[in-house]
There are 2 protein chains.
Amino acid sequence: MSSPSSHVGPVVGVVGAGQLARMMQQAAIPLGLELRVLANSPDESAAKVIVDTRLGDYRDLSVLREFAAGCDAVTFDHEHVPTEHIKAMAEQGVQVHPGADALVHAQDKAEMRRRLTEIGVPCPAWRTVETAADVADFAAQNGWPVVLKAVRGGYDGRGVWVCDDENEAATVVANGVPLLAEAFVPFERELAVLVARSPHGQGVSYPVVETVQEDGICVEVLAPAPGLDAEVAAQAQRIALKIADELGVTGLLAVEMFETTDGLVVNELAMRPHNSGHWTIEGARTSQFEQHLRAVLNLPLGSPSMAAPYVVMANLLGGDDPDIFKRYEHVMAHDPGVKVHFYGKEVRKGRKIGHVTALGADLDDVRARARHAAVYLTTGEYT
Amino acid sequence: MSSPSSHVGPVVGVVGAGQLARMMQQAAIPLGLELRVLANSPDESAAKVIVDTRLGDYRDLSVLREFAAGCDAVTFDHEHVPTEHIKAMAEQGVQVHPGADALVHAQDKAEMRRRLTEIGVPCPAWRTVETAADVADFAAQNGWPVVLKAVRGGYDGRGVWVCDDENEAATVVANGVPLLAEAFVPFERELAVLVARSPHGQGVSYPVVETVQEDGICVEVLAPAPGLDAEVAAQAQRIALKIADELGVTGLLAVEMFETTDGLVVNELAMRPHNSGHWTIEGARTSQFEQHLRAVLNLPLGSPSMAAPYVVMANLLGGDDPDIFKRYEHVMAHDPGVKVHFYGKEVRKGRKIGHVTALGADLDDVRARARHAAVYLTTGEYT
């Protein structure tokens, strides 16, 4: 880790300037790190709080190379950087974390299923499909509904479709994006495990959390997952650490799982700080953002232990009224212990514009406090 | 509180770009506030992490006026802005916190003693002095040693001299700065109380802490002050809240006190986030930096309750070896729970370049952890 001068810390380049990069800056300030961010526009969430903001297109390798020059490590706010560009940077000696060989499993869902199946991680039944007939074949074995997922990206902002019959499947197939078919998992609830792994191989796991979704969007995270059997929790952590190790992940890995009556099933992977880990900012000794920065710099990892018995995070989704600041006062007066996080983003209906965190010893109370703040901030309704 | 656009938070201008402004930025990011800082140079601690950094001389009223334009509130990283400039800004409608009438008590030690005496706050015996004979008169009543303090500022980086006799006093008097004489207080230990007060009059007090000094520099803060009698603690908090109220402080007020066998005696005031409150970043539900921002924006104040039974902060004072980053690894590996804060400042012998915080249930253990990290980071010595 080079130190160009005694009072300048290591430089970490972050490709993408959304709220994840913004929250990394909160962690970078005390660590004395210098963050550099590659943004599309100076109005983006992280660009507003990072002095060394560079504008450019992350799909352009020459932009990435120039951006990486002088960085002790390069990491990401999102998973859209082309795999071959990440490989090219690494070949030129840039410390890119996660590396291309790991990240591809968060970019390509077919690659992910192939590899997880290979290493014995529990997955739903799956296959790649090209035609509606392929989907029907798959359904003949696994039943309807079938979950179709775009292997990479998606279209119209969507990447997942739950199809009840061959007609619905045909409509999705007609869009021409490469697809993966998965058996629909009848789950009890959704869990997430966040782990960190550093290049020298150290791994840590945060406590398993429950994520609550509404209309396919995460609205609430409960840490730790209430009432989760200790052995199941340990198994979930072992699965996540195994994936990180086998895939060679460097930085954070979030593993989304279904809890079913037949055990745990892995749903999705993300290799970056994750919405299911925002609670760690106040709720854990080491926030996921600090942990990610430590991991990508190959520094020893921080303690993932909890700062309170229960921590609840609720997302702020943009409502009809764009002026969120006028509702600050009520929320702060109502609950002096609730923590508000705004991402500096323009309010649009349904968009994640921030989150709130509450912590304490009584789960019902903590959950009610987080919900009250989130609902009031976004709608002005008093719950 | 104006919101120029729905996704832009209130703007707070901070005059001075030291570590206090830098740590305010950590708190401003989640609150969605936009910080603007007035720096002397782009290399200063806060200038490195605040995008809207303006360069200029805080002693120049026209610079201050231009800086304040468009700010919802203006506050300070230090107490050196001329009182008359603060008055002039307020008269033009700028929300300056703390205001000139309050801040003068942190700028002018004679004003401070006059006012505290007037409102019945326990102070050491004191008088202003102009000659060595004045000091000798004072000593005849109160005994030697006599503590001489520069009424404003000081010289050669010093503002306090403990004089054992008239000759020593004569040397200090000869420098020509206006002086205050105070009786030397034989104290058991030093305490500090941090309170916040908002313009609408809400006040909160953090727990009373013990500050440990070496060679006149604070090296360690123990929160809460170990073994402090509950009634004395409550009295200390009442004194600090009373001072904030009587003086009309807006923002934070740190009250340094001596604990003596005859009770509490107020030593110094500071009206800004304070070294004795750095422990609150991880150690309290609301950090002093967030609290200050909430207060100067007239928002409801946050909970000052502690996040752990004991929190210890140790300052990092520059040692002989300027390369502090190379000692990161050991400290992080040795103690995954210790929190390191670097201020992005060049290492100079004796200069405050950062701090570390440890927290937990056992004071001796927490204190040893903080000390180990601080000593190792600054000297490389293993304690």
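**A loop residue and its setting**

Analyst: Happy to. With a relative accessible area of 82%, A:Asp215 is exposed. Please keep in mind that this is a predicted model. A:Asp215 sits in the loop between β11 (209-214) and β12 (217-223) of chain A. Its backbone deserves a look too: phi of A:Asp215 is near 50°, a positive value in a residue other than glycine.

The other chain has its own copy to look at. B:Asp215 is placed in the loop between β11 (209-214) and β12 (217-223) of chain B, and its phi is likewise positive, near 50°. At 82% relative accessibility, B:Asp215 counts as exposed.

How are the two chains related? The same surface serves both copies, as 100% of the contact residues of chain A recur in chain B. Within chain A, the domains are domain 1 (11-96), domain 2 (125-183) and domain 3 (189-379). The C-alpha centres of domain 2 of chain A and domain 3 of chain A are 29 Å apart.

Is B:Leu301 buried or exposed? With a relative accessible area of 1%, B:Leu301 is buried, because the cut-off for buried is under 20%. Its contacts reach into both chains: leaving out residues up to four places away in sequence, B:Leu301 touches partners including A:Met332 and A:Pro336 from chain A, and B:Gln202, B:Val204 and B:Arg294 from chain B. For B:Val204, which is 97 residues away along the chain, the C-alpha to C-alpha separation from B:Leu301 is 7.3 Å.

B:His292 is in helix α10 (residues 288-296) of chain B, and at 0% relative accessibility B:His292 counts as buried. Apart from residues up to four places away in sequence, B:His292 touches B:Met24, B:Thr75, B:Gly251, B:Leu252, B:Arg272 and B:Pro273.

B:Arg272 leads on to a salt bridge. B:Glu79 pairs with B:Arg272, and the closest N and O atoms are 3.5 Å apart. B:Glu79 lies in the loop between β4 and α3 of chain B, while B:Arg272 lies in the loop between β14 (263-270) and α9 (280-283), so the pair ties together parts that are 193 residues apart in sequence. Both partners count as buried: B:Glu79 at 14% relative accessibility, and B:Arg272 at 18%.

Helix α3 (residues 83-91) of chain B has buried residues of its own: B:Thr83, B:His85, B:Ile86, B:Ala88 and B:Met89. They pack against α2 (61-68), β4 (73-76) and α4 (100-107) of chain B. After α3(B) comes B:Gly93, with a positive phi near 95°.

In chain A, the side chains of A:Arg115 and A:Glu118 meet at 2.6 Å, N to O. Both lie in helix α5 (residues 109-118), 3 residues apart, about one turn of the helix. In general, an α-helix has 3.6 residues a turn, so residues three or four places apart point the same way. A:Arg115 is partly exposed at 22% relative accessibility, whereas A:Glu118 is exposed at 60%. In chain B, B:Asp52 and B:Arg54 form a salt bridge at 2.9 Å, N to O. B:Asp52 is partly exposed at 26%, and B:Arg54 is partly exposed at 31%. Over all chains, the structure holds 52 salt bridges.

A cis peptide bond with omega about 0° joins A:His97 and A:Pro98, and A:Pro98 lies in the loop between α3 (83-91) and α4 (100-107) of chain A. Another cis peptide bond, with omega about -5°, joins B:Trp144 and B:Pro145. B:Pro145 is in the loop between α6 (132-142) and β6 (146-150) of chain B.

Key
Residues are numbered from 1 along each chain as its sequence is written. Chains are lettered from A and ligands numbered from 1 in the order in which they are written. This is a predicted model: local features need pLDDT of at least 70, side-chain atom pairs count only at pLDDT 80 or more; totals for chains, interfaces and linings use all residues. Side-chain values use heavy atoms; hydrogens and water are left out. Domain bounds come from an automatic or database domain assignment. Contact means heavy atoms within 4.5 Å. Buried means under 20% relative accessible area, exposed over 50%, partly exposed in between (1.4 Å probe, protein chains only). Helices (H or I, at least four residues) and strands (E, at least two) are DSSP runs, numbered from the N terminus. A salt bridge is a side-chain nitrogen of Lys or Arg within 4 Å of a carboxyl oxygen of Asp or Glu.
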